[in-house]
Amino acid sequence: LLPDQTVFSSVVALLQSVQEESNCVIPCSVLRSALYLMAVTQERSLNLVGAHLNCIIKALSSCQNFSSLYSHHPALLHFIWRYPELAEKFGALVLELWFTKKSQTDAMKNTADVQETDETIESQTHQQQDEELDLQTLEILSLMEKYPNVVLTLLDMVVSREAPLAEHVLDVLKVILLRQREFVTDLCTSLRPALLQALQRISVDNMANGLGQGHAAPANSLPVVLKLLCLTQASDPPSPYIYSNMEGVHFKLLYH
């Protein structure tokens, strides 16, 4: 019933007014609606700046459980990552919730498939699942193309989160590396240095653990990093020089 610009500016003005004129905490249900409305109307509205952006950060930070503010909608991903200040505080959280919600949806559909006996309906269900997986992957791809830091956040999730979340993120990166050929070179360029840094961190942690001075590395982090590293190497165009993709020092790090 209202233009996007009007909805967006009105929601921002409401949040700012409540903060300035009242000491009460905004209920999470109101914040969740406000965040959703801002996300879906941002594209046709002016960017947040200065006091307005600080107001949004303060409002979202007032809720101790960010998952209660989450709506499973692509616009929310893009809204949070649109602003570096928001991405720094909530970028990893919104990505984790995105993948978690996707995993839950897949699990519910798999349960429904087991109960279904008709082969035609089962085939249609699997086809729908494949299409949705592609849409989910393409959404993450679109996010990475706009905001390169998403790649580093995803990699950190692969290394630091426990299974099955880490494996699910890895599966998405695999799909992108193997199927999205036009994006592979840029993605490999971004991933490889970060993967080598992750290997170095794992190596240092292992040495510290051997001396009783470090923290235990997350389960399965090393195999996952090696899988991604192999994928980035295999996805690169052929080269006549053996050290063109990785320098000798990197091979030494990989060996250790």
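**Salt bridges and helix packing in the predicted model**

The structure holds 2 salt bridges, a salt bridge being a side-chain nitrogen of Lys or Arg within 4 Å of a carboxyl oxygen of Asp or Glu. The model is a predicted one, in which local features need pLDDT of at least 70 and side-chain atom pairs count only at pLDDT 80 or more, while totals for chains, interfaces and linings use all residues. Residues are numbered from 1 along each chain as its sequence is written, and side-chain values use heavy atoms, with hydrogens and water left out.

Arg44 lies in the loop between α2 (28-41) and α3, and Asp4 in helix α1, so the pair ties together parts that are 40 residues apart in sequence; helices here are DSSP runs (H or I, at least four residues), numbered from the N terminus. Arg44 counts as exposed at 60% relative accessibility, where buried means under 20% relative accessible area, exposed over 50% and partly exposed in between (1.4 Å probe, protein chains only).

Glu43 forms a salt bridge with Arg82, with the closest N and O atoms 3.0 Å apart. Because Glu43 lies in the loop between α2 and α3 and Arg82 in helix α4, this pair ties together parts that are 39 residues apart in sequence. Glu43 is exposed, with a relative accessible area of 53%, whereas Arg82 is partly exposed, with a relative accessible area of 24%. In helix α4 (residues 74-82), 7 of the 9 residues are buried, so this helix is largely enclosed by the rest of the structure; the buried residues are Ala75, Leu76, Leu77, His78, Phe79, Ile80 and Trp81.

Helix α1 (residues 4-21) packs against helix α3 (residues 50-61) at an angle of about 70°, with their axes 10 Å apart, the axes being lines fitted to C-alpha atoms over the stretch in contact and the angles running from 0 to 180 degrees between N-to-C directions. The two helices are therefore roughly perpendicular to each other, a term covering angles of 65 to 115 degrees. Val12, Leu15, Gln16 and Gln19 of α1 make the contact with Ala51, His52, Cys55, Ile56, Lys58 and Ala59 of α3, contact meaning heavy atoms within 4.5 Å. Gln16 counts as buried at 17% relative accessibility, and, not counting residues up to four places away in sequence, Gln16 touches Ala51, His52 and Cys55. In α3, the buried residues are Leu53, Cys55, Ile56, Ile57, Ala59 and Leu60.

Notes:
Angles under 35 degrees count as roughly parallel, over 145 as roughly antiparallel, 65 to 115 as roughly perpendicular and the rest as oblique.
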